Amino acid sequence: MRGRQRVASRDYIIGHGKEENSASVRLPNAKPWRRSLRHVVVASLSSFLYGYHIGVVNETLESISEDLDFSGNTMAEGLVVSTCLGGAFVGSLFSGWIADGVGRKRSFQLCALPMIIGAGMSATANSLWGMLLGRLFVGTGMGLGPPVAALYVAEVSPPAVRGTFGALTQIATCLGLMGSFFIGIPAKEIVGWWRICFWVSIIPAGVLAICMEISAESPHWLFKRGRTIEAEAEFEKLLGGVNVKSAMADLSKSDRGDESSSVKLSELLCGCHARVMFIGSVLFALQQLSGINAVFYFSSTVFESFGVPSDLANTSVGVCNLLGSIVAMILMDKLGRKVLLMGSFFGMAVAMGLQVLAASSFAAGSGAMYLSVGGMLLFVLSFALGAGPVPCLVMSEMLPGKIRAKAMAICLAAHWVINFFVGLLFLRLLEQIGAQLLYSIFGSFCLIAVAFVKKYILETKGKSLQEIEIALLAQEAS
């Protein structure tokens, strides 16, 4: 309710009466993360849904193809898997304009809507085309959710725990993947169970849409829109009244006149923001060129080639992914983003080295199996420690407030394009150039990523978004 005067709470009045020099210690002492945590958890449901819909067809694809009469048609099966990626590209590309236009809260609700509609269409599909249309709808929600979640977490989290909260979205994605796997296990034995798997996803999507109605809006977005009183009210909801004054003072360091709607695409790609856009796009590209989604999509194929059952393979990969994400959450605000990123990419390079050894003439039989399976699990674990959760978080921190939403949309669109081509070409390249050369290429990209992070990524641990923006401006000026 714009312009409406708010009756200040007792905490807020007390906070304004405190001495200015106490502002720097309010956040740690008042533990505002307890207030903001519940809002971040609600936002993380979008990441849970992203993980769920990525994995929901893994165990159910065979049953779907038999029921919808396209069994044995690999092109059709591939379309069921990849159609959502096309939708995700579209959703991601427009996510910045949507987030800036209607706000972060409404964007989450718009993310949930196509997921509910698409899941219902998929669950009731009687033909391949019905399934593909449902997957396309779901994909648009998948593409919209992650960039908005990254923005929201960065803008509502206290600086001291922003990294920890950012890792929660990665954990939610892992839980979504594992949840889809376990729910899909009975699909091969129970006729029509795959429909239940799609229906189930409507529950968290509905919870996201409803709970966002009572969650806080981003004070940063409200402030940029000139709605200062509402921004103060949201800060009180997120941080407690004693912290409102210091938070608003920090936010006032940025220019409220920087309306994101005035940012043109040419400014992002060729203007004064081109450098940070370059950093974000290359970081997301290197994340995908490391080969991570080839591992996620085809790990069961590699395991089965050594006689390891697919359910055990998927469980092992899921556990490593979840374990690494939990460790990342613990270390994010202690070691910092840059250290985790560099260590993660280096660990992935080592894991690819093990894969190269497994495919060489030096390893055979059980030795090759242990090297390949161990290398794959180490790769997933290393990815979850940094290369998985950090890029979205660190770019949402590094991008200036004026362009944050739209720039994240473009950077993540680059992610989806490369994700698509890696998934599309992996098996063909494996046949054409062999495992040794292909894994060597992936490992090389991981090492390039280490050097890139060392040179271009700014450490953002414990800094406010305004402090990070000032540091980047100083870095560009030097």
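Gln-287 counts as buried, at 5% relative accessibility. Buried here means under 20% relative accessible area, exposed means over 50%, and partly exposed lies in between, with a 1.4 Å probe and protein chains only. The model is predicted: local features need pLDDT of at least 70, side-chain atom pairs count only at pLDDT 80 or more, and totals for chains, interfaces and linings use all residues. Residues are numbered from 1 along each chain as its sequence is written, and side-chain values use heavy atoms, with hydrogens and water left out.

Gln-287 sits in helix H15 (residues 274-289). Helices are DSSP runs of H or I with at least four residues, strands are E runs of at least two, and both are numbered from the N terminus. Contact means heavy atoms within 4.5 Å.

Phe-345 leads on to the nonpolar packing. The largest nonpolar core has 102 residues, and Met-142, Leu-283, Phe-345 and Met-395 touch the most other members. A nonpolar core is a set of buried Ala, Val, Leu, Ile, Met, Phe, Trp, Tyr and Cys residues joined through side-chain atoms within 4.5 Å. Helix H7 (residues 128-156) gives this core its largest share, ten residues. Domain 1 (34-216) and domain 2 (264-477) both contribute residues, so the core lies between them. The domain bounds come from an automatic or database domain assignment. Around Met-395, not counting residues up to four places away in sequence, the contacts are Val-276, Ile-279, Gly-280, Leu-283, Phe-284 and Met-408. A second core is separate and has 17 residues, including Phe-70, Val-80, Ala-125 and Met-131.

Now the charged pairs. The whole structure holds eleven salt bridges, each a side-chain nitrogen of Lys or Arg within 4 Å of a carboxyl oxygen of Asp or Glu. One of them pairs Lys-406 with Asp-100, the closest N and O atoms being 3.3 Å apart. It links distant parts of the chain: Lys-406 is in helix H21 (residues 404-433), Asp-100 is in helix H5 (residues 74-102), and they are 306 residues apart. Both Lys-406 and Asp-100 are buried.

Glu-155 and Arg-104 form another salt bridge, 2.9 Å from N to O. Glu-155 belongs to helix H7 and Arg-104 to helix H6 (residues 104-123), 51 residues apart. Glu-155 also pairs with Arg-404, with closest N and O atoms 3.1 Å apart. Arg-404 lies in helix H21 and Glu-155 in helix H7, so this pair ties together parts that are 249 residues apart in sequence. Both Arg-404 and Glu-155 are buried. Through shared partners, salt bridges join Asp-100, Arg-104, Glu-155, Lys-224, Arg-404 and Lys-406 into one network.

Asp-69 is found in the loop between helix H4 (61-67) and H5. Is Asp-69 buried or exposed? Asp-69 is exposed, with a relative accessible area of 70%. Its phi is near 60°, a positive value in a residue other than glycine. Most residues other than glycine have a negative phi.
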